[in-house]
Amino acid sequence: MIVSNLEIIPGKRIKTHFGLVQGSSVRAKHVGRDIMAGLKNIFGGELRGYTELLQESRQEAYDRMLDQAKAVGANAVLNVRFSTSSVAAGAAELFAYGTAVILE
Amino acid sequence: MIDLIILIALLALGYGFGQYAEKKHYTSIRKRELILRSVPVVASKIPPQGKPNYDSQLVSGSVVISVDYFKRFVAGLRGLFGGRITSYETLLDRARREAILRVKREAKDLGAEIVFNIKLETASIHKGRGNGIGSVEVLAYGTALIPN
């Protein structure tokens, strides 16, 4: 599976378009991490717990997008975009979408 | 009175640790930027034509950075008078450069030559908590071209 955020892949031609595939994941942070983050809010610096949390959930959104692409029989996802939105206080939605295609 | 003492203590702690952390982070960013200079990251969308022997792969890097108590306090004051809020400018600058460095690190580990179509996404993850932005997440992603 080739995944890229370019619209074309150098040296490859698009045979079939399947349209949009997407995946999302909504996560809330847990209390332990929140307390650490509260401390960091006084001292400043990187919040490693949050970085990992967001990376995990983004990975999940990405995997769901790939599952969808596999389900329609694509061998590549092009023009991938990520987006984040906060749905409620303390929870965030991570969203990944792209175009599923068959490359030859 | 006790409230005032706590406030001053928090401000002092925030100032001390915050300045130290920022200085340390900038030193490390500059050092790694020099090391990773060999992998250029470009915002161009069009990959090189006529060179078909590249593998492409999505690479990404993200970071969540929090501002310290002192800076948030100063920024709150700025909100009264208007003008540049330098404390948030450096926060976002550090976050973006760090995210791009993580992209470069991943690309370099894959043996990539260049990273195309870099996108930067900023999200404030403290929304709805009352006190405005305290920490931001910056995500950078792009397509690494790996010669095969």
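**Helices of chain B and their surroundings**

Author: In this predicted model, helix 2 of chain B contains the buried residues Tyr69(B), Phe70(B), Lys71(B) and Arg72(B). The helix covers residues 69-81, 13 residues in total, and its first and last C-alpha atoms are 19 Å apart, close to the 18 Å expected at 1.5 Å a residue. Just beyond helix 2 of chain B, Gly82(B) adopts a positive phi of about 80°.

Helix 3 of chain B may be described in similar terms. This helix has 25 residues, which at 1.5 Å a residue should span 36 Å, and the distance of 36 Å between its end C-alpha atoms therefore agrees with the expectation. Just after helix 3 of chain B comes Gly111(B), with a positive phi of about 85°.

The packing of helix 1 against helix 3 can be given in detail. The two helices of chain B meet at an angle of about 35°, and their axes are 11 Å apart. Helix 1 of chain B crosses helix 3 of chain B in the left-handed sense. On the side of helix 1 of chain B, the contact is formed by Glu22(B), His25(B), Ile29(B), Arg32(B) and Glu33(B). Helix 3 of chain B contributes Thr90(B), Arg94(B), Arg97(B), Glu98(B) and Leu101(B). Sorted by class, the residues of this contact between helix 1 and helix 3 of chain B are two nonpolar, two polar and six charged.

In the contact between the chains, 41 residues of chain B meet 31 residues of chain A. Helix 1 (2-35), strand 1 (54-66), strand 2 (114-124) and strand 3 (135-147) of chain B each give two or more residues to the side of chain B that touches chain A. Strand 1 of chain B supplies the largest share of that side, eight residues. The residues on the side of chain B that touches chain A comprise 19 nonpolar, 13 polar and nine charged.

Chain A has a sheet of its own. This open sheet has four strands in the order 1-4-5-2, with mixed pairing. Strand 1 (2-3) and strand 2 (14-28) of chain A lie at the edges with a single partner strand each, so one side of each has no neighbour in the sheet. Strand 2 of chain A is joined to strand 5 (residues 91-103) of chain A by 13 bridges in an antiparallel arrangement, and Val26(A) stands opposite Glu93(A) of strand 5. Strand 1 of chain A runs parallel to strand 4 of chain A, with two bridges between them; Ile2(A) has Ala76(A) of strand 4 as its bridge partner.

Methods: Residues are numbered from 1 along each chain as its sequence is written. Chains are lettered from A and ligands numbered from 1 in the order in which they are written. This is a predicted model: local features need pLDDT of at least 70, side-chain atom pairs count only at pLDDT 80 or more; totals for chains, interfaces and linings use all residues. The expected span of a helix is 1.5 Å times one less than its number of residues. A residue is buried if 20 or more other C-beta atoms lie within 10 Å of its own, exposed if 12 or fewer, and partly exposed in between; C-beta atoms are placed from the backbone. Two residues are in contact if their C-beta atoms, placed from the backbone, lie within 7 Å. Ala, Val, Leu, Ile, Met, Phe, Trp, Tyr, Cys and Pro count as nonpolar, Asp, Glu, Lys and Arg as charged, and the others, Gly among them, as polar. Axes are lines fitted to C-alpha atoms, for helices over the stretch in contact, and angles run from 0 to 180 degrees between N-to-C directions. A crossing is left-handed if the near helix is turned anticlockwise from the far one by less than a right angle, and right-handed if clockwise. Two strands pair if DSSP finds at least two bridges between them.
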